[in-house]
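User: Could you walk me through this model, starting with how the strands are put together and then moving on to the helices?
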Amino acid sequence: MKSFHQFLLVPFALTLIMWGCQAPEDQNQSLKNQEQDIMNLYNTPIPEKILTPDAVETRIGTLHFFDGLPTDETTQKVYDNLDFMRGVESFLNGIPATSIEGLRLGQEEAGASKSNQVVIFDDLMDSNPLFLTGNTSTVYASAFLNLQENGPTVVEVPAGSGPGTVNDAFFRFVVDMGAPGPDRGQGGKYLILPPDYSEEVPEGYFVARSTSYVNWIILRGFLVDGKTDVSSAMYRNGLKIYPLRDRDNPPAMEFINGSKQVFNTIHANNYDFYGELNEVIQREPVSLIDPELRGLFAAIGIEKGQPFAPDDRMKSILEDAVAVGNATARAIAFQTREKEALLYENSHWETGFIGGSYEWLKNEGNGGRFLDARTRFFYVATVNTPAMVLKMVGKGSQYALAARDAEGRYLDGSKNYTLNIPANAPAKDFWSVVLYDPQTRSELQTSQALPSVSSQRTPLVENEDGSVTLYFGPTNHAPEDKQANWLQTVPDKGWFVLFRLYGPLQPWFDKTWKPGEFILVDK
């Protein structure tokens with residue numbers, strides 16, 4: 001004798017078969033009939049909006065139910081989709097952590113694995129290292145702290161240092177150093193405390209407490225007479241990093257010249273990304289990120305104290321998720337839908353920093369975390385500091401990004417372009433244009449080791465009105481008397497630029513001065 005449920009399932013199965021044979025308009029009518037049949041099963045009126053039909057069309061296919069109960073096939077389908085969505089979101093939200101981790105791994109690849117080992121770019125950052133949108137105009141000094149191993153750590157910053165920043169393992173701001181820091185460029189001793197430090201804090205230091213054990217220090221020194229010697233010597237002779245416990249006998253500093261070296265500081269865009277993220281979660285205190293984000297990562301198997309060992313099904317889903325996550329990050333970075341990214345009307349110059357908050361809060365927090373703004377920034381750039389959002393006339397730096405020509409087409413390395421920089425560029429110190437590779441988001445690798453021009457170190461030739469015309473293309477198409485104004489591109493390869501102003505002046509902020517657009521020469 002058949003059970004009551006068997007009697008119910010037979011017509012249900014027939015319904016599924018018949019459903020697939022119906023035209024769309026018939027399916028719609030069937031849905032209405034189903035809804036009416038469902039309504040007839042109740043003693044009181046039931047709001048239609050709370051009911052689930054037996055078949056629901058979605059972007060992942062038709063979902064089937066028996067009186068609101070998902071079939072086995074539908075259950076598997078939606079769980080696969082749920083794991084996929086969480087894999088994508090883990091990629092987009094985990095980029096700040098993996099970007100710092102990529103920098104740390106790259107630093108080790110360059111030979112610096114201890115806090116007293118500093119990678120310094122004595123000869124500027126050329127295109128050999130893979131480093132997110134690094135500049136070619138300042139002397140970088142880069143170091144990593146390990147507060148879990150070394151405890152509270154002292155950083156002695158020399159007088160004359162340019163902008164410097166400490167960021168935690170999730171790329172959050174810890175403290176500024178040098179010109180924008182509390183030492184105001186006069187130099188001083190900073191004490192960086194671990195998140196779990198509870199002992200007495202000694203006097204005589206600029207004190208900052210980090211939320212993580214791993215912290216990145218990045219300092220920048222300016223050129224003097226177009227040369228790196230002064231800043232290089234300033235850091236090599238004056239920068240000191242040591243555990244507080246060793247203050248009476250600090251270890252000797254080691255400096256490694258990163259210029260012309262080949263090493264990678266960029267996080268993975270494939271399945272390895274999740275391994276990099278897991279490394280951060282396992283190493284750092286559980287308090288590094290909030291429970292909501294911890295729950296997101298744990299949902300795909302990344303949880304502190306637990307092995308990250310997805311089965312074949314989950315690994316396959318994550319491989320798909322990271323591909324879609326990476327594509328999404330690239331769309332957010334290079335095809336943003338945020339109107340506030342545009343610096344000017346009828347222009348393709350954009351700001352890389354959207355939202356006006358180094359904490360990535362939207363509309364002063366009313367919009368919560370500005371997730372796409374955070375993803376956009378950390379997918380193409382590094383360093384997080386309040387100085388990015390401050391209007392500091394004559395101090396610091398400002399940036400503009402362009403990846404398209406005046407007609408809105410991606411910049412193509414096979415073609416020739418010009419760019420006009422109007423006279424009186426509003427920079428107290430200097431301005432520069434650097435070319436980048438959209439694949440690596442690092443300096444474009446060409447026969448020019450430094451793929452850039454700078455009003456400080458490049459012998460640029462001005463036009464009669466004081467403006468500067470720059471030329472871009474695979475071969476030098478600049479006029480004979482303006483050969484120095486040419487920047488090389490790579491055929492069949494895209495590129496984008498960052499325009500930087502060091503010591504930006506008022507006309508930049510009020511937008512009474514703006515750079516020209518990229519003009520395609522050979523259409």
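Analyst: Before the strands, a definition: two strands pair if DSSP finds at least two bridges between them. Helices (H or I, at least four residues) and strands (E, at least two) are DSSP runs, numbered from the N terminus. The model is a predicted one, in which local features need pLDDT of at least 70 and side-chain atom pairs count only at pLDDT 80 or more, while totals for chains, interfaces and linings use all residues. Residues are numbered from 1 along each chain as its sequence is written, and side-chain values use heavy atoms, with hydrogens and water left out.

User: Which sheet do they sit in, and what is the strand order?
Analyst: They belong to an open sheet of six strands with mixed pairing, ordered β8-β7-β11-β5-β4-β13. The edges are taken by β8 (173-178) and β13 (254-257), each of which has a single partner strand, so one side of each is left without a neighbour in the sheet. From one strand to the next, the twist averages 20°.

User: Which helices lie across β5 and β11?
Analyst: There are two to mention, and their angles use axes that are lines fitted to C-alpha atoms, for helices over the stretch in contact, with angles running from 0 to 180 degrees between N-to-C directions. Helix α3 lies across β4 (117-120), β5 and β11, at about 100° to β5, and helix α5 (residues 229-238) lies across β4, β5, β11 and β13, at about 140° to β11.

User: Now α9: is that helix mostly covered or mostly open?
Analyst: Helix α9 (residues 371-380) is mostly covered, since eight of its 10 residues are buried, where buried means under 20% relative accessible area, exposed over 50%, and partly exposed in between (1.4 Å probe, protein chains only). The buried residues are A373, R374, T375, R376, F377, F378, Y379 and V380, and they pack against α3 (72-109) and α8 (312-334).

User: What is the geometry between α3 and α9?
Analyst: Two packed helices are described by the angle between their axes and the distance between the axes. For α3 and α9 the angle is about 40° and the axes are 9 Å apart. The two helices are therefore oblique to each other; angles under 35 degrees count as roughly parallel, over 145 as roughly antiparallel, 65 to 115 as roughly perpendicular and the rest as oblique.

User: How does α3 cross α7?
Analyst: The axes of α3 and helix α7 (residues 291-299) come within 9 Å and cross at roughly 130°, which makes α3 oblique to α7. That crossing is left-handed. On the α3 side the contact is made by D83, R86, E89, S90, N93 and G94, and on the α7 side by L293, L296, F297 and A299, giving four nonpolar, three polar and three charged residues by class.

User: Switching topic, where is F263, and is that residue buried or exposed?
Analyst: F263 is in the loop between β13 and α6 (272-283), and F263 is buried, with a relative accessible area of 5%. Leaving aside neighbours within four places in sequence, F263 is in contact (heavy atoms within 4.5 Å) with G106, E109, A110, F121, P129, L130 and G258.

User: Last one, what about the chain overall?
Analyst: The chain has 10 helices and 21 strands, and buried residues make up 51% of its 523 residues.

Notes:
Left-handed = near helix turned anticlockwise from the far one by under 90°. Nonpolar A, V, L, I, M, F, W, Y, C, P; charged D, E, K, R; others polar.
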